[in-house]
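Try each task before reading its solution.

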Amino acid sequence: MTAAVEIVSFGYLHDEPPAAHLTIDLRHHFRDPHVLPELRHMTADDEPVRTAVLGTSGVAALALATAAAVEAFASGPSAGTVTVADGCAGGRHRAPTFARALAELLRDAGFDVTIRHRDLDKPVVQR
């Protein structure tokens, strides 16, 4: 049987983090594309945002470490979906890009993965 994983990307500035087995906070350790005017109104659906996020030192290593943690949860004695929530400030740049990278790693490892981007389509947070 293939283990199921649900990944939920979100923005801390919109609402509380969703309930999850693992919550990854991307706010303080990884550059925010929001600070660059040319990327601010783009989202993870835009290649320049994905390139900026995935090119940030440490992001790929964190995705690999998170995939390993998911595998550990999935190998436990309890059945059920493993939920990972990953958040950034607004939920439009870092979190959905990270969620997609993590999903790719997990699918390659044989997991059945679903992704939900809670805040991707919300307006840019003015800060």
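**Exercise 1.** Find what percentage of the 127 residues of the protein chain count as buried.

Solution. In this predicted model, a residue is buried when its relative accessible area is under 20%. By that cut-off, 42% of the 127 residues qualify.

**Exercise 2.** Decide whether the radius of gyration of the protein chain agrees or disagrees with that of a compact globule.

Solution. Start with the chain length: for 127 residues, a compact globule would have a radius of gyration near 14 Å. The protein chain has 14 Å, so the two agree. Next, look at the box along the principal axes: the C-alpha atoms fill roughly 45 × 25 × 20 Å. Finally, turn to contacts with a separation of 6 or more: 80% of them join residues 24 or more positions apart.

**Exercise 3.** Is Leu105 buried, partly exposed or exposed, and which residues does Leu105 touch?

Solution. Leu105 has 30% relative accessibility, so this residue counts as partly exposed. Leaving aside residues up to four places away in sequence, Leu105 touches Ala63, Leu64 and Ala67. Take Leu64: this residue is 41 residues from Leu105 along the chain, yet their C-alpha atoms are separated by 7.5 Å.

Definitions and conventions: Residues are numbered from 1 along each chain as its sequence is written. This is a predicted model: local features need pLDDT of at least 70, side-chain atom pairs count only at pLDDT 80 or more; totals for chains, interfaces and linings use all residues. Side-chain values use heavy atoms; hydrogens and water are left out. The radius of gyration is taken over C-alpha atoms; the globule rule is 2.2 Å times the number of residues to the power 0.38. Buried means under 20% relative accessible area, exposed over 50%, partly exposed in between (1.4 Å probe, protein chains only). Contact means heavy atoms within 4.5 Å.
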